[in-house]
Amino acid sequence: MNAFLHAISFFTRIPVPWLRPSEEAWRKSVNWYPAVGLVIGLLLWGVHQAGLVLFSPWIAAILTLIAWVYVTGGLHMDGWMDLADGLGSSRPREQILAIMKDSRVGAMGVLAAIMLLLIKAGAVAELAHPGWGSFLIVAPVAARTHVLLSIKLWPYLSADKGIGKGISSGLSVSAIIVSYIIVFAAGWYLGGLQVITAIFLSLLFALWFSRSVAKKLGGLNGDCYGAVIESSEAVVLLVLVGSWWL
């Protein structure tokens, strides 16, 4: 349970006053990332449902997106922006990594954030369709399950001393398997083939994205993991609200 609290404390703004600091619990917290996604998803679902009662679908979507960024502290969005700045520079590997470490945000990072937020906002607005509201829970869970594969399958950038270094040692294969069994089972319960398809296609995307970035950089780091989560969430939402389901 302490490992789960570490994951909640790091990946959300939710206060955890009873957390007991522990290096071992921190390493094992990676196994609880999908559970953190569930907590986030339930909070977002609540905000979205309340927003739909009080406002139009677009206003509800914007409020949900604000809550999304707030509850995660913008952590994953920061990684998405840093990676966009680095890869968008079209520089050699060493310079890309230096740009990603720079605390300043460049034009490519800002553009990437705007485009991602627009995609998410538009998709969440479409979830006002009858029977689709609970689908919002799926995106944060699926994305944080996919990132486990990114952590396990590709090496961490050896020169990077970021906070993500070392977490792969605490990640168990059994945790990944159990997480996928649960997420696919829950997806089938919530929306059948529609949700299962979204989870599966976002999985393929996350693997492709991770492989492409790792090939370019020689590995992945915390920024890359954040980018995997953000982009995978967007893919899940896009597939869920596709017009082919109507």
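H146 is buried, with a relative accessible area of 1% (buried means under 20% relative accessible area, exposed over 50% and partly exposed in between, with a 1.4 Å probe and protein chains only). The structure is a predicted model, in which local features need pLDDT of at least 70, side-chain atom pairs count only at pLDDT 80 or more, and totals for chains, interfaces and linings use all residues. Residues are numbered from 1 along each chain as its sequence is written, and side-chain values use heavy atoms, with hydrogens and water left out.

H146 is found in helix α8; helices (H or I, at least four residues) and strands (E, at least two) are DSSP runs numbered from the N terminus. The side chain of H146 makes a polar contact with the side chain of Y180, at 2.7 Å. A polar contact is a pair of N or O atoms within 3.5 Å; within protein, one must be able to donate a hydrogen and the other to accept it, and residues adjacent in sequence count only if both atoms are side-chain atoms. Not counting residues up to four places away in sequence, H146 touches Y180, I199, S202, L203, A206 and S232, where contact means heavy atoms within 4.5 Å.

S231 is in helix α10, residues 222-240. S231 counts as buried because its relative accessibility is 4%. A polar atom of the S231 side chain lies 3.3 Å from the backbone oxygen of V228. Residues up to four places away in sequence aside, S231 touches W80, L116, F205 and F209.

**The nonpolar core**

The largest nonpolar core has 74 residues, and those with the most contacts inside it are Y33, W68, W80, L83, L217 and L237. Such a core is a set of buried Ala, Val, Leu, Ile, Met, Phe, Trp, Tyr and Cys residues joined through side-chain atoms within 4.5 Å. Helix α9 (residues 173-217) gives the most to this core, with 12 residues.

L217 is placed in helix α9 and, at 0% relative accessibility, counts as buried. Leaving aside neighbours within four places in sequence, L217 is in contact with L83, L87, R93, I96, L97, M100, L157 and C224. L83 in turn touches G88, M100, F209, V213, L217, C224 and A227, with residues up to four places away in sequence not counted. From C-alpha to C-alpha, L217 and M77 are 19 Å apart in space and 140 residues apart in sequence.

**Two further buried residues**

M81 lies in helix α5, residues 75-88. With 16% relative accessibility, M81 counts as buried. Not counting residues up to four places away in sequence, M81 touches V105, G109, V110 and A113. The C-alpha atoms of M81 and V39 are separated by 24 Å, the two residues being 42 residues apart along the chain.

I8 lies in helix α1, residues 2-11, and is buried, with a relative accessible area of 5%. With residues up to four places away in sequence left out, I8 touches I14, V16, V36 and V39. I8 and S210 are 202 residues apart along the chain, and their C-alpha atoms are separated by 24 Å.

**Cavity and pocket**

A search of the whole structure finds 1 cavity of 30 Å³ or more. On a 1 Å grid over the protein atoms alone, a cavity is a set of points where a 1.4 Å probe fits but cannot get out; a pocket is an open set with protein on both sides within 12 Å along at least five of seven lines, and lining residues have an atom within 4 Å of a point. Grid points are joined across faces, edges and corners, and a volume is the space filled by probe spheres set on the points.

The largest cavity is lined by L65, W68, V69, T72, M77, L117, K120 and E230. The elements that give two or more residues to this lining are α4 (57-72) and α7 (107-126).

Of the 16 residues that line the second largest pocket, the closest to its centre are P34, A35, L38, V141 and I182. α3 (33-54), α8 (138-153) and α9 each supply at least two residues of that lining.
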